[in-house]
Amino acid sequence: MSSTFQAPDISFDPHHCFALLDDARSDGPCSRLYSRYRQTLTCPQITDWDLVWQQVQETLNAGHFVVALLSYETGAQLQAIETREQLDQQSSVSQFLIFERCQQLDKESILSWLERHSQNQIAGIRQLHANVTAEAFTSAIEQIRAYIAAGDTYQVNYTYRLHFQSYGSALNLYLALRRRQPVPYGAFIHLPDGSAILSFSPELFIRHMTGHLFARPMKGTAAASGDEVQDQLTATALSQDPKNRAENLMIVDLLRNDLGRIARTGSVKVPALFEVNRYSSVLQMTSSIEAQLRPELNLAEVMRALFPCGSITGAPKHRTMEIIRELETEDRGIYTGAIGWFDPPASQERLGDFCLSVPIRTLQLSATNPQGMRKGSMGVGAGIVYDSRANAEFAECQLKAKFLTGLQPAFELFETMYATRTDGCRHLSRHLQRLQNSADFFGFIFDQAKIIDELNSYYAQLASDTDYRLRLGLRSDGQLQIQHAPLQALTTPVKLFFKNEVCATEALFLKHKSSHRQIYDAAWKAAEQAGGFDYLFVNREAHVTEGGRSNLFVRIGQNWYTPPLSDGVLPGIMRAILLEDQHLRAQEKSLTIEDVLVADEIMLCNALRGTLSATLVVQS
């Protein structure tokens, strides 16, 4: 395997599978990009455990590469924990992806590859909500404390789920979150069914290198300020905190015990305890454990002894996992399972090298639906001991999730309106309704009373004898930006250019007026430079849609037609007014460029200009 970067020919169609295991913190060729997907092996029931690992080993012996996605539910079955009646087959079944090619790349090469394929598109999340309330969280913590008091357990890793919808490509969402949370065990995995896994884990589960085993469990979290001096003080306090040290040490003992089951006698060591490192907005306390693997063991035996990682169950493992099954209301899926790679063994070795992370801070995304959205979930949790307090643990969970929950949209919503000092903005109620619809969709703060007050104050700076173009911008936090410029007169008919250019904007953003419209702005500016008003776009079905800043109407015979919104058209203010006009009686209809060429009359419209007669100029 070479560290020289050669970008593979990877497309992002719904049936293409690849995997990026991404170390965003280390120098050198530490990341791995897997391509040339062959097949997927699955472990739907624990009775298949030995067989599937035998198949994995045979695949590795044949020189192929394996990326493992081990679900927490498989680990629960290993511990003889009762499964739910309706197991979520997509997210709760362990999978082994088989690839022919693995490239080892450095972090700069990976970032270049991600940015090259992002195509400057926008991705984000909306409608985020937890599957537990603060009250339900508190109740669960109190039940755990009661179990600890009764002697059932010493510590429980209690988790819950955040559910949301994502928009834009999964790759773009991964890139945006990677900038916020660079970690050594990132993963972006595009599965054959179009679903995806995005992981931003700082935690190593287990690594095997030529007979040596390494584990680095994490327990203990504090907020990072970004100030180096303050963070060092916080890190020192965290490493010396009795509660966090006790919590960390319990998991170290659990993992020492697990490793002892497969290690050479006397080889289990703990070279480091209570080290603290910063990962974005959090400080994490980590300890290190090492051992020598007994050479006669196979993969099924090794993983049976270790999986799932004790840092995400608690201690003792079996009874604690029974408590988790009782208190948590949803399957965990890949969250707190394992993600990692297995290499073909060298000729003299029984097992090849492998490395698995604990997938915390991990998103599971469904395939894209027809509306351009994906269903998503992310687990978040905390280690609970008897001294734990629900409000503090809930705050810690929110801190861990901040890299996702704090992701702000990389665009603004806006309205372009005709305005005068005397009358204010024309069709203001329609503009505000459209703005509110988009704000509600993307989760922007929308305060109509505030907007109207700021507009009313703004009108005073306009000249009384001038018509204006007024732009009202809305940021996700509810902040407004208002700009204006005199409205220049036009001579009609205006020229409408056509260049047979397919609009590449994501379907979702075609429905909303946002700053994510570079292709539109470039189009009308090019039309102005050529002495015209606008450029006309088509969609992938060769239906004409709209201009860069106007909607299209055509008259064919006695009837007026306009493209339907479903063809990729912004719900224009003036478009809606014309469709309501009982005299015009316009209808929605998919149109081809031939329809526009033979039209008896062409009309463009927007809220700023009203209606404009136009002539079509077809460019080669």
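Let's start with Arg-609, which sits in the loop between β29 (601-606) and β30 (610-618). Helices (H or I, at least four residues) and strands (E, at least two) are DSSP runs here, numbered from the N terminus. This is a predicted model, so local features need pLDDT of at least 70, side-chain atom pairs count only at pLDDT 80 or more, and totals for chains, interfaces and linings use all residues. Residues are numbered from 1 along each chain as its sequence is written, and side-chain values use heavy atoms, with hydrogens and water left out.

Back to Arg-609. Is it buried or exposed, or something in between? At 24% relative accessibility, Arg-609 counts as partly exposed. The cut-offs: buried means under 20% relative accessible area, exposed means over 50%, and partly exposed is in between, with a 1.4 Å probe and protein chains only.

What does Arg-609 touch? Leave aside neighbours within four places in sequence. Then Arg-609 is in contact with Leu-487, Gln-488, Ala-489, Leu-490 and Phe-533. Contact means heavy atoms within 4.5 Å.

For scale, take Arg-179. Arg-609 and Arg-179 are 430 residues apart in sequence, and 41 Å apart in space, C-alpha to C-alpha.

Now the whole protein. Its secondary structure comes to 17 helices and 30 strands. The C-alpha trace spans about 90 × 55 × 50 Å along its principal axes. Of the 620 residues, 55% count as buried. Take the contacts with a separation of 6 or more: residues 24 or more positions apart account for 74% of them.

Next, an annotation. UniProt, in an unreviewed entry, lists residues 135-400 as "domain: Chorismate-utilising enzyme C-terminal". UniProt positions are in the numbering used here, feature names are shortened, and annotations may be inferred rather than shown by experiment. The span is 33% helix and 34% strand. Its end C-alpha atoms lie 19 Å apart.

How many residues of helix α6 (residues 170-180) are buried? Eight of the 11, so α6 is largely enclosed by the rest of the structure. Among them are Leu-171, Asn-172, Tyr-174 and Arg-178.

On to Gln-364. Its place is strand β17 (residues 362-365). Gln-364 counts as buried, at 16% relative accessibility. The Gln-364 side chain reaches the backbone nitrogen of Ile-334 at 3.3 Å. Beyond neighbours within four places, the contacts of Gln-364 include Ser-91, Ala-196, Arg-332 and Lys-375.

In the loop between β16 (354-357) and β17 we find Arg-361. Arg-361 is buried, with a relative accessible area of 5%. Its phi is positive, about 50 degrees, although Arg-361 is not a glycine.

Ala-542 has a positive phi too, near 65 degrees. Ala-542 is in the loop between β24 (534-538) and β25 (544-547). It is partly exposed, with a relative accessible area of 45%.

Why point these out? Most residues other than glycine have a negative phi, and most peptide bonds are trans.

Where are the cis bonds, then? One joins Ala-315 and Pro-316, with omega about -5 degrees. Pro-316 lies in the loop between β14 (314-315) and α10 (317-327). Another runs from Thr-492 to Pro-493, with omega near 0 degrees. Pro-493 is in the loop between β22 (480-486) and β23 (494-502).

Last, a helix pair. The axes of α1 (residues 49-61) and α9 (residues 299-306) come within 8 Å and cross at roughly 125 degrees. Axes are lines fitted to C-alpha atoms, for helices over the stretch in contact, and angles run from 0 to 180 degrees between N-to-C directions. That makes α1 oblique to α9. Angles under 35 degrees count as roughly parallel, over 145 as roughly antiparallel, 65 to 115 as roughly perpendicular, and the rest as oblique. Residues making the contact include Trp-49, Trp-53 and Leu-60 of α1, and Leu-299 and Met-303 of α9.

Key:
A polar contact is a pair of N or O atoms within 3.5 Å; within protein, one must be able to donate a hydrogen and the other to accept it, and residues adjacent in sequence count only if both atoms are side-chain atoms.
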